[in-house]
Amino acid sequence: MPTSSLAEARDARASGAIVSELTAGLLGKSAAISPKFLYDALGSRLFEAICELPEYYPTRTEAAIVARHGADIARAVGVGTTLIDLGAGNCAKAARLFPLLHPAQYVAVDISYDFLRESIERLQQRFPHIEMTGLGLDFSSHLDLPGVVRPGKRLFFYPGSSIGNYTPDEARDFLRRARDECDDDGALLIGIDLVKDAATLDAAYDDAIGVTAAFNLNILRHVNLLLGADFDVAQWRHRGFFNADDSRVEMHLEAREALTVRWPGGERRFAAGERIHTENSYKYRQSAAVGLLEQAGFQSVHVWTDPDQWFAVIYARAIAR
C-alpha cells in the first residue's frame, strides 16, 4: 500500500549559509532579503489568505484554467508521472491534478518544512492510494533530488507564477536545473503570470485590508529568528507596485523613521524612507514565456490561458539529449 514519508533534506551548512546570505543582503548597497524567507510557517499561512483575496487574481485564474482545460492537460501529460510539486505549500494546487493525472508518486517540495509536514499528512488521508514524499528543501539554490524520488516520468509542477520571483536569467538557470533532474521522458507544468494593466497588478500586491502587508512584514520577524536581529516590525511599512520598465511587480519594506538594525556581528543604519527589497514578480508576454522554456531545455509546448489572457498554464517536454 502506498505510504507517505517526510524527508527533511537539509544541507549541514545551511545555518551558516543562511546567516551569510541574510547578512550580505542587508549590507548590500540597496538592502534586500530573498523572497524565500517570506515562507516560514506563519508566512505560508498568510499567503494562503492572500490567495483568497478578491484582488489576488493569479490563484483563481490559474485554477479556472485547470478546471476548464483539465482534460486537455491530462492528455498532454499522461498518467503515472512522478509529480514533483515545487513550493508545494498546502499542496492544494497539486491535489486538484490528482483525479486528472493519477500520479504514481507525489513529491511535495517546500522550504517551510513544518508547514509542509502538516499539509502532506492531511493530503495522504484524502488520497491513501498515492505514494507521497515531502522534502524540506531550498530548491532556489540547488535541486538535487534524493533517491526516494522515482526517476521515471518526472513532471515538475511549478504553479502560481512563482517563476516570476527570479529574473529572466535566473529563471532560465533554475529551469535548466529542473531539466537536469529529468530523464528524456521528463516534463514541466508551470503557471506564468502575463503582462496586464498596472492598476490590476498594483491592487494584487497591495490589497485593501492589508494581508499582503502582513505577509511582507512577517519576513522581518523571520529574519529576527534566523539571524538574531532586532527588527521592530512597527517601524516598517509595506510597499508593493508594478515597475513597467522592468515588467515586474516589486515588494519592499520602507523604514517609517531613521533607525538601526543590529544582529550578532553586524548592523545597518536605515534612513527614513529607505527600503529593503523583498520580492520581484516578473510578468511575461506569452511568446517570451515559451522562449524561456525552450532556452531551458524544454520543447513541444502546450499553452492554455484564460479568456482575458491574464495567466498561462504551460506544459513542455524535456528536450532529448
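Is cysteine 91 buried or exposed? Cysteine 91 is buried, with a relative accessible area of 1%. This is a predicted model.

- Strand 2 spans residues 82-86. Five of its five residues are buried, so strand 2 is largely enclosed by the rest of the structure.
- Both faces of strand 2 are covered. Thr82, Ile84 and Leu86 lie on one side. Leu83 and Asp85 lie on the other.
- Strand 2 pairs with strand 3, residues 105-110, in the parallel sense. The pairing runs over five bridges.
- Leucine 86 has valine 109 in strand 3 as its bridge partner.

**Cysteine 91**
- Cysteine 91 sits in the loop between strand 2 and helix 4.
- Its phi is positive, at about 70°, although cysteine 91 is not a glycine.

**Leucine 145**
- Leucine 145 lies in the loop between strand 4 (131-136) and strand 5 (154-158).
- Leucine 145 is buried, because its relative accessible area of 13% is under the 20% cut-off.
- Leucine 145 touches Ile84, Leu135, Arg154, Phe156 and Glu181, leaving aside residues up to four places away in sequence. Of these, Ile84 belongs to the buried residues of strand 2.
- Valine 109, the strand 3 partner of leucine 86, is 36 residues from leucine 145 along the chain. The C-alpha atoms of leucine 145 and valine 109 are separated by 9.8 Å.

**Helix 3 with helix 4**
- Helix 3 covers residues 57-77, and helix 4 covers residues 92-101. Their axes come within 10 Å and cross at roughly 25°.
- That angle makes helix 3 roughly parallel to helix 4, because it is under 35 degrees.
- The crossing of helix 3 past helix 4 is right-handed.
- From helix 3, the contact uses Thr59, Glu62, Ala63, Val66, Gly70, Ala74 and Val77. From helix 4, it uses Lys93, Arg96, Leu97, Leu100 and Leu101.
- By class, this contact of helix 3 with helix 4 holds seven nonpolar, two polar and three charged residues.

**Helix 6 with helix 9**
- Helix 6 covers residues 168-180, and helix 9 covers residues 286-295. Their axes come within 8 Å and cross at roughly 45°.
- Helix 6 and helix 9 are therefore oblique to each other.
- Helix 6 passes helix 9 in a right-handed crossing.
- Helix 6 brings Pro168, Ala171, Arg172, Leu175 and Arg176 to the contact. Helix 9 meets them with Leu292, Leu293 and Gln295.
- The residues of the contact of helix 6 with helix 9 divide into five nonpolar, one polar and two charged.

**Around helix 9**
- Ala289, Val290, Gly291, Leu292 and Leu293 in helix 9 are buried. Among them, Leu292 and Leu293 also meet helix 6.
- The buried residues of helix 9 pack against helix 6, strand 6 (187-193), strand 12 (298-305) and strand 13 (311-318).

**Serine 300**
- Serine 300 is found in strand 12. That strand is one of the elements against which the buried residues of helix 9 pack.
- Serine 300 has a positive phi of about 50°, although it is not a glycine.
- Serine 300 is partly exposed, with a relative accessible area of 32%.

Note on methods:
Residues are numbered from 1 along each chain as its sequence is written. This is a predicted model: local features need pLDDT of at least 70, side-chain atom pairs count only at pLDDT 80 or more; totals for chains, interfaces and linings use all residues. Side-chain values use heavy atoms; hydrogens and water are left out. Axes are lines fitted to C-alpha atoms, for helices over the stretch in contact, and angles run from 0 to 180 degrees between N-to-C directions. Helices (H or I, at least four residues) and strands (E, at least two) are DSSP runs, numbered from the N terminus. Angles under 35 degrees count as roughly parallel, over 145 as roughly antiparallel, 65 to 115 as roughly perpendicular and the rest as oblique. A crossing is left-handed if the near helix is turned anticlockwise from the far one by less than a right angle, and right-handed if clockwise. Contact means heavy atoms within 4.5 Å. Ala, Val, Leu, Ile, Met, Phe, Trp, Tyr, Cys and Pro count as nonpolar, Asp, Glu, Lys and Arg as charged, and the others, Gly among them, as polar. Buried means under 20% relative accessible area, exposed over 50%, partly exposed in between (1.4 Å probe, protein chains only). Two strands pair if DSSP finds at least two bridges between them.
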